[in-house]
Amino acid sequence: MSYIQASMAGNVWKVVVSVGDQVEQGQEVAILESMKMEIPIESEVTGTVKAILKPEGEFVNEGDHLIELD
């Protein structure tokens, strides 16, 4: 099990994957909004999305777990 983490503090603007989706290393899985900028979050590993831990609209801090992969 592994996690995709927020690279900086901001709001989860969009989650572009769903539970059950297969993701590849380097694939964009979410977009954060911070200081009027959109910051793409990419998966560092290949795996299957097990859970979306932070929904769209929620504020996250750097290092928070966004998505759980199996």
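Where does S43 lie, and between which strands is its loop? I looked this up first: S43 is in the loop between strand 5 (37-42) and strand 6 (47-52). Strands here are DSSP E runs of at least two residues, and helices are H or I runs of at least four, both numbered from the N terminus.

Before going on, I noted what I am working with. This is a predicted model, where local features need pLDDT of at least 70 and side-chain atom pairs count only at pLDDT 80 or more, while totals for chains, interfaces and linings use all residues. Residues are numbered from 1 along each chain as its sequence is written, and side-chain values use heavy atoms, with hydrogens and water left out.

**S43**

I checked its accessibility: S43 is buried, at 3% relative accessible area. The classes are buried under 20%, exposed over 50% and partly exposed in between, with a 1.4 Å probe and protein chains only. Then I listed contacts, meaning heavy atoms within 4.5 Å. Leaving out residues up to four places away in sequence, S43 touches I4, V23, E24, Q25, G26, Q27, V29 and L69. I also found a side-chain polar atom of S43 lying 2.5 Å from the backbone oxygen of V45.

**D64**

Next I went to another loop. D64 sits between strand 7 (59-60) and strand 8 (65-69). I have D64 down as partly exposed because its relative accessibility is 23%. D64 touches I4, Q5, A6 and K54, again not counting residues up to four places away in sequence.

**Strand pairing**

I count two strands as paired if DSSP finds at least two bridges between them. An open sheet of 4 strands runs in the order 5-4-2-7, with antiparallel pairing. Strand 5 and strand 7 are the edge strands, each pairing on one side only. Strand 2 (residues 10-15) is joined to strand 7 by 2 bridges, and G10 has V60 as its bridge partner there.

I then followed strand 6. Strand 3 (residues 22-23) runs antiparallel to strand 6, with 2 bridges; Q22 partners T48. Strand 6 also runs antiparallel to strand 8, with 3 bridges, and V49 has L69 as its partner in strand 8.

**Whole span**

Last, I looked at residues 1-70: 0% helix, 54% strand, and end C-alpha atoms 5 Å apart. The unreviewed UniProt entry annotates residues 1-70 as "domain: Lipoyl-binding"; such annotations may be inferred rather than shown by experiment.

Note on methods
Polar contact = N/O pair within 3.5 Å; in protein donor to acceptor, adjacent residues only side chain to side chain.
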